[in-house]
Amino acid sequence: MAKNNLNTSTTTGLDSNRKVEIIGIIVMSIAILLGLSIISYNPEDYQYAKSISFLDLFNPDASSRLVKNWLGPVGAYLSHYLVHSLFGYTSIILALITGYHGWHTFRRRDFKELSWLTVLSIWGMVLLSTFIGWLNTNADFPSDSIWSGSAGIAISQVLQNITGIGSIFILSVLMIVTLLMFVDRDLQKTIDSVKIWMDNLRDKMEDWRAERQLRKEQKAKEREERIAAKKAAKEEQKAEQQAKKEESSSSDNEEEELQKKEIAEPQDEKEPVKPAPSIDELVEKSEAEERKQREKEQKEVKTLDTRQRASLEKEEVVDEEEDDLEVSVYVGKGEEEADEKDLDKQNREKAKEVPVIKYKFPKVDLLDSPPNEGNEVDLEEIKENKRIILDKLKRHKIEIVGINAIVGPTVTLYELEPAPDVKISKIESYSNDLKMATASKGLRMLSPIPGKSAVGIEVPNSTRETVYIKQVINTKKFVETDFVLPVAFGKTIENEVFMIDLTKMPHLLIAGATGSGKSVGINTIITCLLYKCHPDNLKFVMIDPKKIELSLYRNIQNHFLAMLPDADEPIVTDTTKAQETLESLCKEMDDRYDLLKMAMVRDIKSYNEKYATGELDEELGHRHLPYIVVIIDELADLMMTAGKQIEEPIARLAQLARAIGIHLVVATQRPSVNVITGTIKANFPARIAYQVASKVDSRTILDQGGADQLIGMGDMLFNNGTGLVRIQNAFVSTEEVDEINSFIGQQAGYKEPFHLPIIKEDVADIPDPLDDIDEYFEAAAKLVILHQQGSVSLLQRKLKIGYNRAGRIIDQLFNAGIVGPYQGSTARDVLIQDEDELQELLDNLDEYD
Ligand SMILES: Nc1ncnc2c1ncn2[C@@H]1O[C@H](COP(=O)(O)OP(=O)(O)OP(=O)(O)O)[C@@H](O)[C@H]1O
């Protein structure tokens, strides 16, 4: 068996990719010939071609010489049928579409897109030839029928016989519709694009006009100021001369004081040189940073809370009867939209900065635009809810002195200001009563609203607004962010885009009942990251025991996925493999900490910056470290089958992986204590809850109730220890995810997915050393003997292979006794002196086998 494996390097033959490329070239050649025969069509050629006998082929004076078609008699036949008998010169479309098929085959692209284009092109060809046929028979334009072909004329005549003069109207409409479908394929999109373009133009004009006006005003102001300054200067000159004498005496005193102060101030001490930090120090530091970050965020939340009102547009004060309380209705202004092309442009520049692979970021227009009609504020509904709430409370003798309504995409928040003597907890005890009275699915109480002496009641809107992913991605906030791993979940009740940096969380725990919107939420997270991160900087590990949710991402395996080298599937679906993958991630984490320690830096960002400047030696194993986001969709399935073996690596990663760029996103539909254990919970400060079945479930995930009152379909609560935020999750459809994946997947990408390290506990666990041996094994052995150096980077450079594969080969060389054991930052010893000794060793191994 070992022999077989060793011999694989010598086997030759075309691999399937080459075959596909050859087929592509052949199809493109056929298309070119077809095109040439159509372009050089000559009506007389067919007669000459028909009269050619077999012997004429050998006769230099035969009539075949009279054929003018560039492809000779074959071209004459082809072009006669295509141009004369079928669709005239429009048949050139056939050649073009054949050529495009060839190009697609050659580039190994997905054919799904093409089938639509093919049908549309053939339809366009028939339509165009019919249209020309109509013009030819009715207006003698063009004068020659070969522009439409006999088929085009025949179809146009049939149409005329049926619909008379209406036929030209029908043909014209069909032509316009087909053309629009060609250009955009979506009429609404075309109209929207034109509208956006017009709006932009108008905005720009207005900006320009306003700027010009401003400049004019500024100039006038400056002129006035200059005149005033001149006058003032003259007066000052006079005053100065008088004041000079007094100033000189007082300035002497000041100087003396200053000198005294300088003497009293301590001198700066020189900073001592710091030693290299240990792993514990690194972890401690990153935890301290995390604490600081959280405190900062806490402060931000408070300031945000005081700012909220200012950013809300006052919609209307609802008129009431005289003795009744007025309700002020507020609607958030919404986030400032970015220009459609801003993100694409920014991404094009970003892609150019990473020349390792040619990569195009997904374009914004792959995402669906929201329908034009905005969410109308239903004042009647607000008035009715206000009446019910106030009536109910009045009956329980609770006096309210002020009420505001803030209308969000899913719910409206009623802020109630109770009279000074009313206990807030008293209002909370009537929440069930209010829920029944308003007949709402879920009613959430905030008592009090954080930072305010008011009680909040969130009542679901009778018509909710879907927040489309484009509405969060195509905003200035998202486009201009400098977050490393930005995730814009959706919109808050104030209509603001809620965005976090995953590196700061640093992990996410998600729970929600089935159908509450978790999968859409996970797709939102991945989509945001795909729109902002280059595949060189980000890899996903996807663990999906349910087997369907993440399967769409298979397409982007050579760009964005990380997996075990021996895994059959890029998406992990099996519990044993999931466990191995998590352990391998722990090893990657340890390796990364070693690299950080060697490089004397504190985190992955500084490490990659140092690596980019060339300060870190690849010989010592240094490499660019991409961020790794581990997605686990359904933790319950894993915990039920593997329990502790899954919990331990998750907890270890969650505790330590922050500084080295590994972040976990773990979701479950069963937020029970045996799935979300104390250990897991303690290490996931950032948590998301979608709708759950009970208050107990809500407490398990959020440490408080509230998630049981959510209303599903992406209605969620976010908590990272700074208080709850209610968000309407942005909706990304499966079709959008599919399109983004196909867009990325059809690009060439890397040769293989990013490989995670193989875990080997000790040598005794290692299977047969020559089992599943790498095809470069022998070449690698010769290289290390020649250089007398067992280093991974040597193999990487000389064999042009990735880090993980080179590491695997070095392990195999160790197992075969060719190189010595791992020695940290120095290369392994080589135990074989020359090639003869190597050959002997390999022969022995074969015999042993
Ligand atoms: N943000 C959203 N906006 C609008 N509708 C949504 C949103 N999220 C989810 N939905 C709707 O809810 C349905 C269920 O969502 P999803 O599949 O994400 O639920 P889930 O929690 O993952 O369920 P399961 O655990 O059974 O897979 C979706 O098909 C969609 O129609």
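What follows is a tour from the overall chain down to single residues, ending at the ligand.

Keep in mind from the start that this is a predicted model. The protein chain has 849 residues, and 35% of them are buried. If you take the contacts in the chain with a separation of 6 or more, 68% are between residues 24 or more positions apart.

Ala31 sits in helix α2, which covers residues 16-39. Now find Gly102: Ala31 and Gly102 are 71 residues apart in sequence, yet their C-alpha atoms are 8.1 Å apart in space. Once you set aside the neighbours within four places in sequence, the contacts of Ala31 are Ala95, Thr98, Gly99 and Gly102. Is Ala31 buried or exposed? Ala31 counts as buried because 20 other C-beta atoms lie within 10 Å, and 20 is the number at which a residue qualifies as buried.

Next, some strands. Strand β2 (residues 327-332) runs parallel to strand β3 (residues 400-407), and five bridges join the two. To see one of these, look at Val327, whose bridge partner in β3 is Ile403. On to strand β4 (residues 411-418): β3 and β4 run antiparallel, with seven bridges between them. Here Ala405 has Tyr414 in β4 as its bridge partner. The β3 and β4 strands make a hairpin, with three residues between them.

Two helices are worth a look as a packed pair. In general, such a pair is described by the angle between the axes and the distance between them. For helix α12 (residues 379-395) and helix α14 (residues 431-438), the angle is about 145° and the axes are 10 Å apart. Their crossing is right-handed. On the α12 side you'll find Asn385, Ile388, Ile389 and Lys392, which meet Asp433, Leu434, Ala437 and Thr438 of α14. That contact is made up of four nonpolar, two polar and two charged residues.

Now for a sheet with nine strands. It is open, with mixed pairing, and the order across it is β8-β7-β16-β15-β14-β9-β13-β12-β10. Which strands stand at the edges? They are β8 (497-501) and β10 (538-543); each has a single partner strand, so one side of each has no neighbour in the sheet. From one strand to the next, the twist averages 30°. Inside the sheet, strand β15 (residues 715-719) pairs with strand β16 (residues 724-729) in the antiparallel sense, over five bridges. Met716, for instance, has Ile727 in β16 as its bridge partner.

Just after α27, Lys800 has a positive phi of about 55°.

Last stop: the ligand. How many residues surround the ligand? There are 14, and the closest are Thr514, Gly517, Ser519, Gly714 and Phe731. Helix α17 (residues 518-532) gives the most to this shell, with three residues. By type, the shell has three nonpolar residues, 10 polar and one charged.

Methods:
Residues numbered from 1 in each chain as written. Predicted model: local features only at pLDDT ≥ 70, side-chain atom pairs only at ≥ 80, totals over all residues. Near = placed C-beta within 6 Å. Helix = DSSP H or I, 4+ residues; strand = E, 2+ residues; numbered from the N terminus. Nonpolar A, V, L, I, M, F, W, Y, C, P; charged D, E, K, R; others polar. Pairing = 2+ DSSP bridges. Buried ≥ 20, exposed ≤ 12 C-beta atoms within 10 Å, placed from the backbone. Contact = placed C-beta atoms within 7 Å. Axes fitted to C-alpha atoms, helices over the stretch in contact; angles between N-to-C directions. Left-handed = near helix turned anticlockwise from the far one by under 90°.
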